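Subject: Structure handover

Hi,

Here is the structure I promised to pass on. My notes follow below it.

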Amino acid sequence: MDTIWWGFVKALDLVIHLDPNLTSIIWLSLRVSGTAVLAAALIGGILGVLVATKRFPWSRVCVIVLNTCMGFPPVVLGLFIYLLISRSGPLGFMGLLFTPMAMIVAQALLATPIVAALTVAAIRSVPEAIKDTAISLGATMAQADWMVVREARFGLMAAIIAGFGRVIAEVGAVMMVGGNISGYTRVMTTVIALDTARGEFELAIAAGIILVTISFVVNLGLNLAQGGMRK
Amino acid sequence: MIEVAEDILTAVGVHLNKGGVAVLEDVSFSLVSGHIHAIIGPNGAGKTSLLRLIGLLDRLDQGQVIFGGRAVSPDCPDILTVRRQMAMIHQSPMMFNSSAYHNVSIGLKFRRTPRAEIDRKVNRAFDFVSLNGFGPRAARSLSGGEAQRVALARAIAVEPLILLADEPTANLDPRNTLVIENLIRRLNRERRVSVVMVTHDLGQAGRLADEVTFMAHGRVVETGPADQVMNFPRHELTRTFLNRGLVL
Ligand SMILES: Nc1ncnc2c1ncn2[C@@H]1O[C@H](COP(=O)(O)OP(=O)(O)O)[C@@H](O)[C@H]1O
Ligand SMILES: [Mg+2]
């Protein structure tokens with residue numbers, strides 16, 4: 001009981017005094033997940049828009065594949081990337097293993113299908129009449145598609161926020177390809193997992209508090225975006 | 001100067017199937033330039049389907065739509081030029097989720113109209129429907145009557161030759177119905193816009209139309225000058241519809 005109590009007190013102390021060790025971990029988490037989601041928003045967003053607006057023979061299969069990838073186990077993805085970039089792997093020469101870049105790649109790959117699948121769903125939920133109305137007002141096909149995407153804008157925002165929420169809380173893949181190196185690749189989730197395993201709780205609890213707070217803010221954002229969608 | 005009545009838009013022998021069902025069978029229709037032509041008939045008669053075909057939103061299975069002296073279809077290379085001479089309004093206007101101004105300006109933006117000109121034309125359109133000052137309002141928050149007026153402003157801002165209206169007053173109260181009717185009449189008289197309007201309101205057809213076409217079961221039963229079709233119908237089906245509002 002005492003350890004837990006003291007863990008909390010010390011953790012709050014770290015949070016309140018902005019302990020440099022803690023802030024550097026938070027900063028790296030935000031940087032890695034932010035960059036990853038930016039890439040995922042670009043790739044997943046474009047992919048989602050294309051799949052949702054263009055009719056091509058395999059578009060249904062694409063949607064099913066995207067939805068499957070949404071729930072892809074992060075540890076398995078971590079394993080794949082590890083095998084690719086480890087010294088003896090085909091991309092080993094790039095020296096990516098245990099770097100923030102490897103973590104960004106892993107998280108981007110995790111977030112891309114999420115963003116893409118939610119983008120498809122958001123665009124598909126726009127009424128057919130939006131496109132017809134645009135066309136009857138003289139839109140080209142591209143302009144009409146753009147109006148549909150524009151109508152889905154709050155849904156696209158929600159897709160990106162959901163992708164961020166997923167990767168910032170993810171631990172398996174970043175641990176495997178990042179290695180939890182102090183001051184270099186240590187992020188909130190890995191410090192929580194590994195410090196706890198070693199019986200050192202204060203930094204873990206502090207990171208946990210921050211992570212839950214971020215998660216709250218993310219969900220608040222999601223909620224606002226969905227509110228805009230219903231309008 | 002004597003004006004010669006000239007058809008601006010014609011459909012000839014049109015057949016259309018939807019989901020394996022014949023929705024339009026051998027339908028012919030013509031809109032005289034500068035006139036208002038009402039299409040009446042019971043639900044499911046194919047009125048909306050015909051309007052979408054002549055608005056070049058859908059492809060037909062057989063027959064032709066003729067505009068500017070030649071057959072046109074959604075697959076023509078210059079379909080955009082043709083479509084841009086028409087505009088459409090519907091029973092429940094689909095507003096884009098943005099301001100009323102953005103909605104009214106969108107057709108001009110599609111045409112890459114210079115900004116100053118957009119501003120002028122949009123203001124003129126708002127003025128026409130007596131909604132000055134409504135530009136900044138959220139389009140989705142407008143009342144039914146206001147939304148339909150914004151939809152009309154949006155349609156006429158691009159200065160179309162032809163307005164296609166699909167039961168534009170079906171969801172409106174009598175007062176707003178009169179407002180829309182007056183706007184359509186003024187549009188036709190003052191700006192020489194030719195109008196095709198689908199309506200379930202026989203009084204409205206009588207008040208506005210120069211010509212009336214009566215459709216039932218995917219076919220044109222009767223077509224001609226409004227006065228003749230409404231007051232001296234030739235066909236038994238038309239008579240029952242006009243008297244009892246239904247077709248057996
Ligand atoms: N997508 C569709 N698939 C099958 N049948 C349809 C479809 N759309 C309309 N229909 C049918 O076509 C007929 C004509 O519809 P419509 O043109 O909307 O009639 P109206 O506007 O006169 O009420 C109706 O019987 C309707 O059920
Ligand atoms: Mg209809």
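Start at the ligand. Gly44(B) has a polar backbone atom 2.7 Å from an oxygen atom of ligand 1. Keep in mind that this is a predicted model. Two further backbone contacts go with that one. A backbone N or O atom of Gly46(B) sits 3.0 Å from an oxygen atom of ligand 1. For Ala45(B), the distance from a backbone N or O atom to an oxygen atom of ligand 1 is 3.2 Å. On its own, ligand 1 has 570 Å² of accessible area, and the protein covers 56% of it.

Now the shell. Around ligand 1 are Lys18(B), Val23(B), Pro42(B), Asn43(B), Gly44(B), Ala45(B), Gly46(B), Lys47(B), Thr48(B) and Ser49(B). By class, that shell has five polar, three nonpolar and two charged residues. Which helix gives the most to it? Helix H1 of chain B, residues 47–54, does, with three residues.

Next, a helix in chain A. H4(A) runs over residues 74–85, 12 residues in total. From first C-alpha to last, H4(A) reaches 16 Å, close to the 16 Å expected at 1.5 Å a residue. Its buried residues are Leu77(A), Gly78(A), Ile81(A) and Ile85(A).

Best wishes

Definitions and conventions
Residues are numbered from 1 along each chain as its sequence is written. Chains are lettered from A and ligands numbered from 1 in the order in which they are written. This is a predicted model: local features need pLDDT of at least 70, side-chain atom pairs count only at pLDDT 80 or more; totals for chains, interfaces and linings use all residues. Side-chain values use heavy atoms; hydrogens and water are left out. A residue is near a molecule or strand if one of its heavy atoms lies within 4 Å of it. A polar contact is a pair of N or O atoms within 3.5 Å; within protein, one must be able to donate a hydrogen and the other to accept it, and residues adjacent in sequence count only if both atoms are side-chain atoms. Accessible areas come from the Shrake-Rupley method with a 1.4 Å probe; for residues, only the protein chains shown count as cover. Helices (H or I, at least four residues) and strands (E, at least two) are DSSP runs, numbered from the N terminus. Ala, Val, Leu, Ile, Met, Phe, Trp, Tyr, Cys and Pro count as nonpolar, Asp, Glu, Lys and Arg as charged, and the others, Gly among them, as polar. The expected span of a helix is 1.5 Å times one less than its number of residues. Buried means under 20% relative accessible area, exposed over 50%, partly exposed in between (1.4 Å probe, protein chains only).
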